[in-house]
Amino acid sequence: MNSWRKVQTGLVSVALSSAVGVVAAQAAPDSWHGGGDDVIVLESVGGDPDFIGSDAPGERGTLPTGVGWAHVFGYELRGRTAPYEYAAITDSGAHWCTGSERFADARVDVPHNVYITHLRLWAYDNAAGHDVAAILFRSCLPTVDPGDPQNTILGMVSSSGSPGDFTNYVNISAEPTNTNLCSYFIRARFGTGCGGGGETTFRRARIQYSTSP
Amino acid sequence: MTLAKPLMATVALALAAFTGTGLRADDIELRGTPAYNNMDYVGWVGTAADPSAHTAAYISNFDNSSSYDCANGGPGGSRLIRYPFMLPDLRQIHFVRIWGQKADLTADLDIRLRRSCTNFLHPVPPVMTTIGTTSVAEAPGYFSALIGVDSTEMPDNALCRYVVEVEMGSAASACAAYPGALRIMKIRVQSSLTDRIFRSAFREAF
């Protein structure tokens, strides 16, 4: 755990200027997060293998573990711009875009003062030329003062190639949640021009959090 | 004093019957009364819905109630909307109640409470289970419909999320002839936490 804490405390935040650089240089659109120029991107961290192992059922619902989860179905996504054209089905939770806007967001119901440890995406990708991704954002405002929101990417998971049914996760390393100042949401990214259609669907995302670091 | 004893006995019987029916009525205001202290309610306005597709036409300004008013005035368009939710661990889900309005010449409503559980780590499609259903037909005007839930239904938040689905007829015909004729005003989920203090969460001593 010591090494984990060192890694955690050594997190590198990409500064505003770097984020601008990333956006400006988006020659490959499928690497873009769709967040504009003012997004900070936290580096993902490999993490301690033992800690990664905690993304397992364990003793759910028991207080000592202090672990919880929040899910978002694909069909909870709202398009980033309107009119947003999409389709969805209940049984798999799948959502996919059908127009030109390829980003859609859904709020995540996160408790205050917990550590988000993992982001997991379930999706379907049967189109080799287009991927589907989930990007976890934190958006913060001052306590009472007006101001621009400070948006930070906490982590991203994406499909690759055409795996069909797909799930993957990423470790999240960030300070505890602060629902006083911040909102948390997951942004789905589909293929350019909604390429892939129903062959690239966002089914569900889950965050795992812990009450202790 | 001669009246006091029968009166007290009657009250005791009433209380016994009250607690005996335990936690299974959502018709009256019971919060704060014995055996109902642990009830909790989560609700949404109609416009909190997630339409199944952008072809689901709706308005919500009929009377400032934030209701979801189906506005597919002709054939075509999606008629399915959803209200997904989670509840804290160890809660028992008891009821889902839906308020709305349904006038003449509107599509019948099919309402379902469903549970979607995924495999914890594997990329298989989730398992969807229908927990309860109700329907609203004809023209009741304002309505309040209820889905009762088996008392053993408890969330497993590592795997599952719930959804209330409302289907407003089929795409073969109009769902409503005019705004406000068919609308969902509110959804409420009633649950209880039987062990509020310890949440049944003590481990066995080793």
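The questions and answers below concern a predicted model with a chain A and a chain B.

Reader: How many helices and strands does chain A have, and what share of its residues is buried?

Author: The secondary structure of chain A comes to three helices and 12 strands. Of the 213 residues in chain A, the buried ones make up 39%.

Reader: Which element gives the largest share of the largest nonpolar core?

Author: The largest nonpolar core has 46 residues, and those with the most contacts inside it are Ala134(A), Ile186(A), Ala188(A) and Ile207(A). Six residues of this core, its largest share, come from one element, which is strand 7 (residues 115-125) of chain A.

Reader: Which residues is Ile186(A) in contact with, once its neighbours within four places in sequence are left aside?

Author: Ile186(A) is one of the residues with the most contacts inside the largest core. In general, nonpolar side chains in soluble globular proteins tend to be buried together. With its neighbours within four places in sequence left aside, Ile186(A) is in contact with Val72(A), Ala106(A), Val108(A), Ala134(A), Ile135(A), Leu136(A) and Ala205(A).

Reader: Is Glu101(A) buried or partly exposed?

Author: Glu101(A) is found in the loop between strand 5 (95-97) and strand 6 (103-107) of chain A, and its contacts beyond four places in sequence are with Gly79(A), Arg80(A), Thr81(A) and Tyr84(A). A residue needs 20 or more C-beta neighbours within 10 Å to be buried. Because Glu101(A) has 19 C-beta neighbours inside 10 Å, Glu101(A) counts as partly exposed.

Reader: Which strands of chain B pair with strand 10 of chain B, and over how many bridges?

Author: Strand 10 (residues 160-168) of chain B is mostly covered, with eight of its nine residues buried. Strand 5 (residues 80-85) of chain B pairs with strand 10 in the antiparallel sense over six bridges, and in strand 10 Val163(B) stands opposite Pro84(B). Val166(B), also in strand 10, stands opposite Ile111(B), and the pairing of strand 10 with strand 7 (residues 109-117) of chain B, again antiparallel, runs over nine bridges.

Reader: Which element of chain B gives the most to the side that touches chain A?

Author: Between the chains, 27 residues of chain B are in contact with 28 residues of chain A. The elements that give two or more residues to this side of chain B are strand 5 and strand 10. By class, the side has 13 nonpolar, six polar and eight charged residues. The element that gives the most, with three residues, is strand 10 of chain B.

Reader: Is Pro179(B) buried or partly exposed?

Author: Pro179(B) lies in the loop between strand 10 and strand 11 (182-192) of chain B. Leaving aside its neighbours within four places in sequence, Pro179(B) is in contact with Ile59(B), Phe62(B), Asp69(B) and Ala71(B). A buried residue would have 20 or more C-beta neighbours within 10 Å; because Pro179(B) has 17 inside 10 Å, Pro179(B) counts as partly exposed.

Conventions. Residues numbered from 1 in each chain as written. Chains lettered and ligands numbered in written order. Predicted model: local features only at pLDDT ≥ 70, side-chain atom pairs only at ≥ 80, totals over all residues. Buried ≥ 20, exposed ≤ 12 C-beta atoms within 10 Å, placed from the backbone. Helix = DSSP H or I, 4+ residues; strand = E, 2+ residues; numbered from the N terminus. Pairing = 2+ DSSP bridges. Contact = placed C-beta atoms within 7 Å. Nonpolar A, V, L, I, M, F, W, Y, C, P; charged D, E, K, R; others polar. Core = buried A, V, L, I, M, F, W, Y, C linked by C-beta atoms within 7 Å.
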